[in-house]
Amino acid sequence: MWRGLYTAATGMITEARRTDVIANNLANAATTGYKKDISVHHEFENMLIKRMYDDNISGGVPLNKGLLDTDSGDVTKFKGFKVDQNTGVTIGELGLGDYIAEIAVDYSQGAFESTGNTFDLAIAGEGFFAIQTPQGIRYTRNGAFFKNQDGVLQDIRGYNLLDTRGNQITIPQGTADSSITISGDGSIYTNGEENPLAQIQVVRFDNRLAIQKQGDNLFAPVNNAQPEPATGEIVQGMLEKSNVEIVREMVELIHNHRLYEANAKAVTTQDTMLDNSVNQIGRLS
């Protein structure tokens with residue numbers, strides 16, 4: 001009964017964490033460039049159930065020599081049962097619950113939304129924009145940029161968009177936004193100019209675990225992981241929407257709630273059984 005109690009409790013903990021993940025996805029359903037999280041479940045290793053009193057079997061009848069096997073001096077031997085993987089007859093397995101091994105990120109493409117704004121950018125395919133923050137260079141799929149009073153391209157937090165050389169991108173004063181063209185490789189042109197003003201940096205990582213979320217829709221490199229040029233193309237005048245599907249997340253939330261309730265009822269049942277065992281079965285008439 002104790003094992004069942006703990007197994008049900010691990011299920012409740014797992015579903016509670018999974019609910020947090022789903023709630024965070026729903027909260028960011030309207031966040032530009034947001035990539036949803038997925039909770040990855042793993043089961044604890046099942047435990048083999050062995051039948052006691054089967055240490056020595058002759059003709060199917062266990063040969064018990066008393067409470068302790070004093071002949072061998074083995075203190076782990078009790079009523080013919082020995083603490084050994086090869087002792088006893090295996091009659092089945094006992095599940096010990098599950099746990100969330102990882103909160104993985106789904107990098108699938110989100111739908112595009114047309115804005116018509118010159119500096120609204122979306123990446124078709126793989127890749128991230130490089131942003132200069134006080135904590136260092138960070139990466140994002142949120143391409144909502146604007147030109148500040150000095151002509152520097154920034155995001156809504158005031159972080160500078162970087163070019164392929166790692167420098168901020170400055171649009172010359174007096175340049176009309178309507179004259180700016182940004183090509184698929186990130187090159188920024190003005191009308192009548194053959195040479196680009198700058199080229200926006202779009203990078204990728206060869207390992208999905210090389211970056212992790214740090215909040216504010218930004219990704220931070222892990223263990224000094226180095227980016228490489230990405231193959232994604234920049235689309236001007238578009239923004240990538242979140243890849244969260246609200247209906248699917250709501251269905252998952254309802255399913256998760258039912259699993260949590262089932263585990264909670266299992267805990268209650270186990271508690272009732274323990275109460276009866278202590279207060280009813282063991283009571284002397």
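Predicted model: local features only at pLDDT ≥ 70, side-chain atom pairs only at ≥ 80, totals over all residues.
A salt bridge here is a side-chain nitrogen of Lys or Arg within 4 Å of a carboxyl oxygen of Asp or Glu.

| Pair | Closest N to O |
|---|---|
| Asp106 and Lys36 | 4.0 Å |
| Arg18 and Glu15 | 3.7 Å |

Take Asp106 and Lys36, whose closest N and O atoms are 4.0 Å apart. This pair links distant parts of the chain, with Asp106 in the loop between β8 and β9 and Lys36 in the loop between α1 and β1, 70 residues apart. Both Asp106 and Lys36 are buried.

Arg18 and Glu15 pair up inside helix α1, and because they sit three residues apart, about one helical turn separates them. Arg18 is buried at 14% relative accessible area, and Glu15 is buried too, at 6%. Glu252 joins these two in a network of salt bridges.

As for Asp177 and Lys147, the former lies in the loop between β15 and β16 and the latter in strand β13, so their bridge ties together parts 30 residues apart in sequence. Asp177 is partly exposed at 34%, as is Lys147 at 27%.

Now for helix α2, residues 246–281: it reaches 51 Å from first C-alpha to last, close to the expected 52 Å. Its buried residues are Glu249, Asn256, Asn263, Gln270 and Leu274.

Finally, the largest pocket has a volume of about 240 Å³. Its lining counts 13 residues, with Tyr107, Glu126, Gly127, Phe128 and Phe205 nearest the centre. That lining splits into four nonpolar, three polar and six charged residues.

Terms used. Residues numbered from 1 in each chain as written. Heavy atoms only, no water. 1 Å grid on protein atoms, 1.4 Å probe; cavity = no way out; pocket = protein on both sides within 12 Å on 5 of 7 lines; lining within 4 Å. Points joined across faces, edges and corners; volume = space filled by probe spheres on them. Nonpolar A, V, L, I, M, F, W, Y, C, P; charged D, E, K, R; others polar. Helix = DSSP H or I, 4+ residues; strand = E, 2+ residues; numbered from the N terminus. Expected span 1.5 Å × (residues − 1). Buried < 20%, exposed > 50% of the residue type's maximum accessible area, 1.4 Å probe, protein only.
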